[in-house]
Each structure stands twice: as structure tokens, then as C-alpha cells.
Amino acid sequence: MLSKILSSSIYGIDAYMVEVEVDLSTGLFGFFTVGLPDAAVKESRDRVMSAIKNTGFDFPQKRVTVNLAPADIKKEGSSFDLPIAVGILNASGFIKSDKIKEFIILGELSLDGRIKPVKGALPIAVSAKANNINAIILPSDNAKEAAVVEGISVYPVENLPQVVEFLNDNIKIIPLSIDIEKVFEEYRNYDVDFSEVKGQYHVKRALEVAAAGGHNIIMIGPPGAGKSMLAKRIPTILPNMTLDESIETTKIHSIMGLLGDGKALVSTRSYRSPHAGISDAGLIGGGNFPMPGEISLANNGILFLDELPEFRRNVLEALRQPLEDGKVTISRASGSLTFPANFMLVSAMNPCPCGNRGSHKECTCTPLQIRKYLSRISGPLMDRIDIHVDVPSLKFRELSDETGGEKSEVIRMRIKMARDIQIERFKKSKIYCNAQMGAKYVKKFCQIGNESKNLLELAINKMGLSARAYDRILKVSRTIADLEGVENIKPEHISEAIQYRSLDRENYI
């Protein structure tokens with residue numbers, strides 16, 4: 001007896017259809033799975049057998065062959081448990097309905113027949129719609145996530161007997177439907193706010209400029225100055241996510257199993273802060289079967305690298321290409337996978353190895369030690385960081401000040417206005433913010449007058465700014481002008497942008 005069940009699996013951040021074929025034939029008892037299954041799929045044999053027996057069904061004493069087609073793509077994960085069990089029960093005659101062909105079925109089985117959540121429900125639902133399949137049976141914990149896709153009937157299930165009764169038309173399960181806009185708004189709130197940060201007004205201004213133009217930024221200051229606290233609040237001032245951005249980000253979190261608690265959407269900007277000991281595969285992505293790394297989990301959000309010089313050199317160098325392209329491609333012998341990595345890099349470092357330079361404590365570092373410490377960050381990586389800002393230690397007067405600063409919502413409104421100007425400016429191109437401008441667009445949109453040119457010349461000649469700082473200053477000046485809502489870059493905009501290149505100054509050490 002042959003049974004065919006539709007299921008799905010993940011490849012990269014997208015899903016593809018998998019046909020689960022179950023054949024029961026006479027001969028010695030055995031359970032065989034073919035179609036390039038990984039260890040988790042092979043182990044489904046024991047879970048399926050126990051689940052079927054422990055829910056009151058008889059497991060067929062025949063030769064059971066399960067084929068996962070297409071057979072040339074490696075299958076991994078535990079989501080094939082439920083379709084395999086349904087296929088066996090269908091081939092054994094316990095499920096007699098023909099409507100089994102109408103559904104995509106997925107779920108992990110426990111030994112007592114309960115159905116556990118799986119990874120990747122959202123991309124699977126997106127793939128189902130693309131393949132004109134409008135019904136999915138899946139674990140109840142994944143139902144909200146899949147129901148985000150309009151036009152798909154999502155049937156949440158709790159255990160194997162419930163699935164059998166539903167397919168035999170003995171019970172009804174009401175498809176789950178959600179109000180996407182309501183859910184989108186429900187999860188949009190942040191737990192932190194910029195008004196909670198005391199003092200550091202010039203740093204807040206630099207972060208506002210960085211967020212307005214999508215500029216990468218590095219903060220230099222002693223321990224306890226508030227660098228991490230400031231970084232954690234940057235997502236709260238970025239423009240609210242669009243639904244398309246939310247779905248793209250949710251797909252990445254879904255395949256990594258990071259949604260949790262039946263959450264339907266990621267509707268706040270991601271904030272990822274990996275430890276300095278992370279490997280290049282952990283940051284960029286990788287593995288035998290490539291999975292997204294921290295830069296993809298930070299897609300449409302913030303990647304914060306604290307103590308930047310403490311990261312391994314090869315890890316930092318691996319960031320260079322994703323920062324340019326907004327995506328990362330991981331190649332293996334079996335093929336290549338591309339993951340989105342459109343993030344804003346926010347980094348922080350001490351001003352010297354001991355961390356006391358510029359603080360109330362005495363610094364014991366020599367100029368040679370400081371220069372060696374700063375050189376841990378390569379020039380090509382620093383070329384991709386537009387804004388450098390010093391974060392000094394707070395004084396008691398600032399710490400004891402009870403008046404809060406501007407709320408994140410107020411700052412976000414200004415940033416959104418600046419971003420709207422940029423979106424309109426670059427509407428005929430593939431870029432959307434000033435930080436992404438190449439030489440062609442810098443020349444076109446960052447024209448300056450003679451007074452501004454003289455100011456830039458003075459900065460480069462007298463302050464020792466490097467040549468690589470020139471384009472960065474122009475881009476940041478363009479963003480500052482956008483925040484003011486003016487068309488032309490003025491000398492005061494150039495002047496402020498020059499302040500944000502502290503590491504380029506010859507006399508920094």
C-alpha cells in the first residue's frame with residue numbers, strides 16, 4: 001500500500017515542497033528512510049513508532065519504506081515526524097479520507113503522540129501560498145506564525161489522534177486567523193527608551209545622525225561611560241519596521257527557532273550583541289548545512305560589537321563584504337546559500353588597553369601600546385565606519401540630574417523625516433540611505449560651496465585627517481542637512497561632520 005503526503009523543508013531562509021511517500025510491503029519487518037535524510041530525520045523512525053503505538057494504533061508489521069522527494073536535497077530537522085506517521089496510518093487504513101492531499105503537514109512527535117513545534121513555519125507558509133496550496137496542518141505553537149500569510153488556512157493541532165480524527169471528518173478544527181495589523185502593533189513596543197540615558201548629549205546627537213543616514217558608528221570611551229546602554233537604545237529611534245521588513249526578519253528568526261511563546265511576528269528592530277569570542281561562522285553564518293549567523297539575525301536592525309579590538313582579526317575582516325553588499329553568501333561543496341545581512345554596525349571600544357585614558361583614573365599605557373591597540377582594527381574595516389565619537393565618563397552633576405532627555409519617539413520622528421527625504425532622493429536606485437552612497441552619488445548629492453571646501457581643506461591639512469575621511473564627512477554632512485530639512489550642505493553641517501572623525505586625527509594618541 002502506498003501513501004503520499006505533502007510536507008515542506010527549509011533551504012536557506014526559504015522553503016521547498018517535500019513529498020513524503022510511504023510504502024508498506026510484505027516481507028521482513030523493517031523501517032527504512034531514503035531521500036538524503038540527516039540524523040534527526042533518521043531518528044524519526046523511533047519517535048513515529050512509539051507515537052503510533054502509544055496513541056492506540058497498531059503499527060504495521062511490514063516492511064516500511066519512507067521516501068522524501070526530491071531525493072537530491074538533504075533533509076534535516078524533526079518536522080517530518082507527523083507526515084510520516086500520517087502516511088503510515090493512511091497506508092494502514094486508519095485514515096480513509098481523500099482530503100489528505102489538500103494539506104501540507106508538518107510537526108515533531110513526542111513518544112506519547114503530542115505534537116511539538118518546529119522551525120520555519122513562516123517560510124513554509126509563504127512557500128505553500130507560492131505553490132497554490134492553501135491549507136496547512138501544523139503544531140498549535142506555530143499556528144500564529146504561519147497565519148501571518150494571507151490566503152492560507154492554518155489548522156493548529158495538539159496530538160496525533162486529533163489529526164487522524166480531523167482527516168477522517170470526525171471532528172472539526174477551526175482555521176486560525178489573525179489580524180496582522182493588530183499583531184504588528186502589539187509587538188512594536190520597546191522596553192527601553194533614550195530618555196533614560198543621562199548626559200552624553202553630544203553622543204546622543206551623533207547616534208541620531210548615524211540612525212538618520214544608516215551610518216556605521218564606533219564609540220570610544222572608558223568602561224562605565226554608557227556605551228552599551230546607548231547602543232541598546234538605538235533600535236528605539238530607528239523608523240518603525242514595515243510589514244515586508246518584519247516578515248523578512250521573522251523568517252530568519254523562525255528557521256533558527258528564536259520566536260518562542262507562539263509569537264507571530266518580529267515587529268521591533270533586531271539588536272544583536274555577540275561576545276568578542278565568537279567565531280567567524282557564528283558571526284557570518286555557516287556549518288555543514290549553512291545557517292544564518294549574527295549578522296543575519298541583526299537584519300533590518302543593529303549589530304553591536306562591544307570591545308571591538310578584542311574580536312579576532314579574521315572575524316572582523318569577514319564583516320567587510322556584508323557591510324558593502326547587505327547580504328552574505330556561504331558556499332559549500334553542495335551549493336551556495338545567500339542570507340540577508342542589511343544591518344547597521346554599532347561598535348564600542350576603550351580608548352587604550354587599560355581603559356582609563358580620558359577618564360578620572362590615571363592611564364598607564366604608553367603611546368606605542370595605544371597605537372598597537374588601535375591597530376587591531378584594520379583600515380579597510382574602519383573605512384566602512386562613517387562616524388567616530390568619544391564617550392567621556394559622566395560627572396556627578398550629570399549622574400544626579402533628574403531631568404530626562406528627549407524620548408525615543410520624538411527622536412524617531414525626526415529620523416523618519418530625514419529617511420523619507422533619502423528614500424525620495426534615491427527612489428530610482430537600489431539604495432535607500434546616505435550611508436550607501438558610492439562615489440557617483442556623493443558627487444551628485446553632496447555638492448558644497450567654497451566656504452565649506454575651505455573648511456574641509458583646513459581640517460585635512462591642519463588636523464591631519466586622512467584622505468579616506470573626505471567622502472565620509474560629505475556623506476554625514478548630507479545626513480545632517482537632511483535632519484534639518486534643507487537642500488544644500490552648509491559649512492555648519494561640514495563642521496559637525498568633521499567632529500565625528502576623531503580616530504583619523506594625527507594627534508589622537
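Tyrosine 155 lies in strand 9, residues 153–157. Helices (H or I, at least four residues) and strands (E, at least two) are DSSP runs, numbered from the N terminus. The model is predicted, so local features need pLDDT of at least 70 and side-chain atom pairs count only at pLDDT 80 or more, while totals for chains, interfaces and linings use all residues. Residues are numbered from 1 along each chain as its sequence is written, and side-chain values use heavy atoms, with hydrogens and water left out.

Tyrosine 155 is buried, with a relative accessible area of 15%. Buried means under 20% relative accessible area, exposed over 50%, and partly exposed in between (1.4 Å probe, protein chains only). Not counting residues up to four places away in sequence, tyrosine 155 touches Phe103, Ala135, Ile136, Ile137, Leu138, Phe166, Ile173 and Pro175. A contact here means heavy atoms within 4.5 Å. The C-alpha atom of tyrosine 155 is 9.8 Å from that of lysine 172, and the two residues are 17 apart along the chain.

**The chain as a whole**

The protein chain has 22 helices and 18 strands. Of its 509 residues, 53% count as buried. Its C-alpha atoms fill a box of roughly 90 × 50 × 45 Å, taken along the principal axes. Among contacts with a separation of 6 or more, 74% are between residues 24 or more positions apart.

**A parallel sheet**

Strands of a sheet pair through backbone hydrogen bonds, either parallel or antiparallel. In this model, 5 strands form an open sheet in the order 11-14-17-10-18, with parallel pairing. Strand 11 (271–272) and strand 18 (387–390) are at the edges; each has a single partner strand, so one side of each has no neighbour in the sheet. Two strands pair if DSSP finds at least two bridges between them.

| Pair | Bridges | Residues opposite each other |
|---|---|---|
| Strand 10 and strand 18 | 4 bridges, parallel | isoleucine 218 and histidine 388 |

Strand 10 is covered on both faces: Ile217 and Met219 are buried on one side, and Ile218 and Ile220 are buried on the other.

**Cysteines**

A disulfide is a covalent bond between the sulfur atoms of two cysteines. The criterion used here is a pair of cysteine sulfur atoms within 2.5 Å. The structure holds 0 disulfides. Cysteine 365 is in no disulfide, and the nearest cysteine sulfur, that of cysteine 354, is 3.6 Å away. Cysteine 365 is buried, with a relative accessible area of 14%. Cysteine 433 is also buried, at 3%. The sulfur of cysteine 433 is too far for a bond, because the closest cysteine sulfur, in cysteine 446, is 12 Å away.

**The largest pocket**

On a 1 Å grid over the protein atoms alone, a pocket is an open set of points where a 1.4 Å probe fits, with protein on both sides within 12 Å along at least five of seven lines; lining residues have an atom within 4 Å of a point. The largest pocket has a volume of about 1,000 Å³, a volume being the space filled by probe spheres set on the points, which are joined across faces, edges and corners. Its lining has 13 nonpolar, 10 polar and 14 charged residues. Ala, Val, Leu, Ile, Met, Phe, Trp, Tyr, Cys and Pro count as nonpolar, Asp, Glu, Lys and Arg as charged, and the others, Gly among them, as polar.
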